[in-house]
Amino acid sequence: MNSISLHNVLPEVFVHRPDNSSDLWLQDVTFERGHLYLIEAASGTGKSSLCAYLTGYRRDYRGTISFDGRDIRKIHTYEWTGVRRRSLSLMFQELRLFSELTAWENVQIKNQLTRHKTDAELAAWFEALGIAEKRDVRIGQMSFGQQQRVALIRSLCQSFDFLLADEPVSHLDQDNSQAMGEVLMQEARRQGAGVIVTSIGHHIDLPYERVFRL
Amino acid sequence: MKLLWKLLRQHISIGQLAGFFLANLLGMLIVLLSLQFYEDVVPAFSGEDGVMKNTYLILSKRIAAVSAFGGEAQTFSEEDVRDLRNQSFVRKVGAFTASQYQVYASLSMGGVGMGTDMFFESVPDDFVDVKWSGQGGQANQTQLLAGGEVPIILPRTYLALYNFGFAQTKNLPKLSEGIISMIQMDILLRGEGGREVRMKGRVVGFSTRLNTVLVPESFMRTANAELAPNATVQPTRLIVEVGNPADDAIVAYVQERGYELEDNSLDAGRATYFLKITATVVLAVGLLISILSFYILMLSVFLLVQKNAQKLQTLLLIGYSRARVALPYQLLTAGLNAGVLLFSIALLFWIRGWYMQRLWEMFPALSEGSVNRTLLLGLALCCFVSFMNALAIRRKISSIARPR
């Protein structure tokens, strides 16, 4: 997948809102593979909704979203499996980690499916993000900031054309967000992928090529 | 798969699954047992006689008070037989041939002799299941009449009458079938013109269904030709092989023609018919319980899927296919169903062992019915239920995967 385009898109819940002026909603916007984007917005302006639309688990919007020109409303349920496994990776704002599993198992459950990274590479990421000693700790017993790093690693163990990171560093300090930015960009560049980061203010310091305000 | 199972087994309710297991076990056991019991017991009605098959009926003309003295024909004409042959329920028709000569049988044991006037009848050999032992079936009938031994089949009721009626009150020894078959009788045949033939006779079998003294057809033909060359023989009774003794058309035909059916010859057919109905009802109850238990399992699994909906959705969003996340639950239900099948088969054999013992006490010669059909039915039911489970789980998972 080389491009994600939004044409006149507006979440259904915003239809009756008096002011819908935004860099994204009701605009023509295209995200290109290989580029780095930041979407900045206040809470409740539809960032997470956009991520849900792009990954195909919500359709409550008006307008057209297309991948390489194909309307994503026409993508069948079984095709989404392939899109999510090979083309589009999402790091959820609410992380969606499995609290019954350890940090390592949460990453493995994805990597066993994609067989994208070796155990050594995954261990190196745990090390780089400062959570190596938390590998075998159950997710439920980790802080949200630690969980964010596990979620990032999980989102990186697959091939992707675009990576959506929904508020990836909301609970991290400057040093840790920097480390996360490095790991994320290193993998994205290696794959030649596009990266779309959302933020409500505190964001990873990266050379964004375009910034959208919702 | 291990991690997936670790994740998805959360919220499994052992109580619910145990409830399903027991309910389905009960249903499956009833289904299998009713079929197996039917398979095992049917031979008791169809094969117990050992002489006649249960699909044979015996027809005679009704003896009315007037005709008994009037001389109206009590015999079946050739046309009667032809008409009967054309009925759809009839497979084969054979005539009873009566002896046209006098028969006197005597017995001497230890110097005490007893004798009686009697008669012989015969039916075509292929209507009789046992082989005629002795010389009756052999070719040289002339030699036979000149002092050979004729095999005889007696009604079993004669033996019962002697053992439980006569011998009981007279303090005489009771006779088993084996002992009787060792006794040789002297037979005197007296035909036209006072011609006499002396020969031996031996009882070779007992029939519960043929109320007559039966000799081989070939012997009868020779004896009638030799001893009563001028008599015309018309049958008074017919033996009919029918496809289904429970066929309503038989009773209708018999009533319409004014024939009489030897009643108990239909009993086995009726018993089989009622057994079939009972087995079917029990089978239906078993199936109903199975269906209800299927719903218990489905509700339990749906509840499980609902409770794990968030996890399942996350798995789908990180790239798992619907088939892959449905698989653990499908394997769970298939495993439970297979467990139920194996357990119910084990229980079936255990219960079967118990009731076969009782049946053998009643019918020592009873042969075991085949278990193949029962096992096949169990396997088919198990596969069908597992397939339906798998389909329902897949649909449930798909409903979670569908974009909102």
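**Stop one: the chain A sheet**

Begin with the open sheet of 5 strands in chain A, whose order is 6-7-8-3-9 with parallel pairing (strands pair if DSSP finds at least two bridges between them). Its edges are strand 6 (88-91) and strand 9 (210-213) of chain A, each pairing on one side only. On average, neighbouring strands here are turned by 15 degrees against each other, direction ignored; axes are lines fitted to C-alpha atoms, for helices over the stretch in contact, and angles run from 0 to 180 degrees between N-to-C directions.

Before you click on: this is a predicted model, where local features need pLDDT of at least 70 and side-chain atom pairs count only at pLDDT 80 or more, while totals for chains, interfaces and linings use all residues. Residues are numbered from 1 along each chain as its sequence is written, with chains lettered from A and ligands numbered from 1 in the order in which they are written.

Now select strands 6 and 7 of chain A: 4 bridges join strand 6 to strand 7 (residues 162-166), and the two run parallel. Pick L88(A), and you'll find its bridge partner F162(A) in strand 7.

Next, show helix 1 (residues 47-54) of chain A. Helix 1 lies across strand 3 (36-40), strand 6, strand 7 and strand 8 (194-199) of chain A, running at about 150 degrees to strand 7. Helices (H or I, at least four residues) and strands (E, at least two) are DSSP runs, numbered from the N terminus.

**Stop two: the cores**

Which residues touch the most other members of the largest nonpolar core? Select F162(A), L164(A) and V195(A), out of 94 residues in that core. Then jump to helix 2 (residues 14-46) of chain B, which gives the most to this core, with 11 residues. A nonpolar core is a set of buried Ala, Val, Leu, Ile, Met, Phe, Trp, Tyr and Cys residues joined through C-beta atoms within 7 Å. Buried means 20 or more other C-beta atoms within 10 Å of the residue's own, with C-beta atoms placed from the backbone.

A second, separate core has 32 residues, including F96(B) and F219(B).

**Stop three: strand 10 of chain B**

Finish at strand 10 (residues 237-242) of chain B, where 5 of the 6 residues are buried. Strand 1 (residues 56-61) of chain B runs antiparallel to strand 10, joined by 5 bridges; Y56(B) has E241(B) as its bridge partner. Strand 2 (residues 90-95) of chain B is also antiparallel to strand 10, again with 5 bridges, and A95(B) stands opposite L238(B).

Notes
Buried ≥ 20, exposed ≤ 12 C-beta atoms within 10 Å, placed from the backbone. Contact = placed C-beta atoms within 7 Å.
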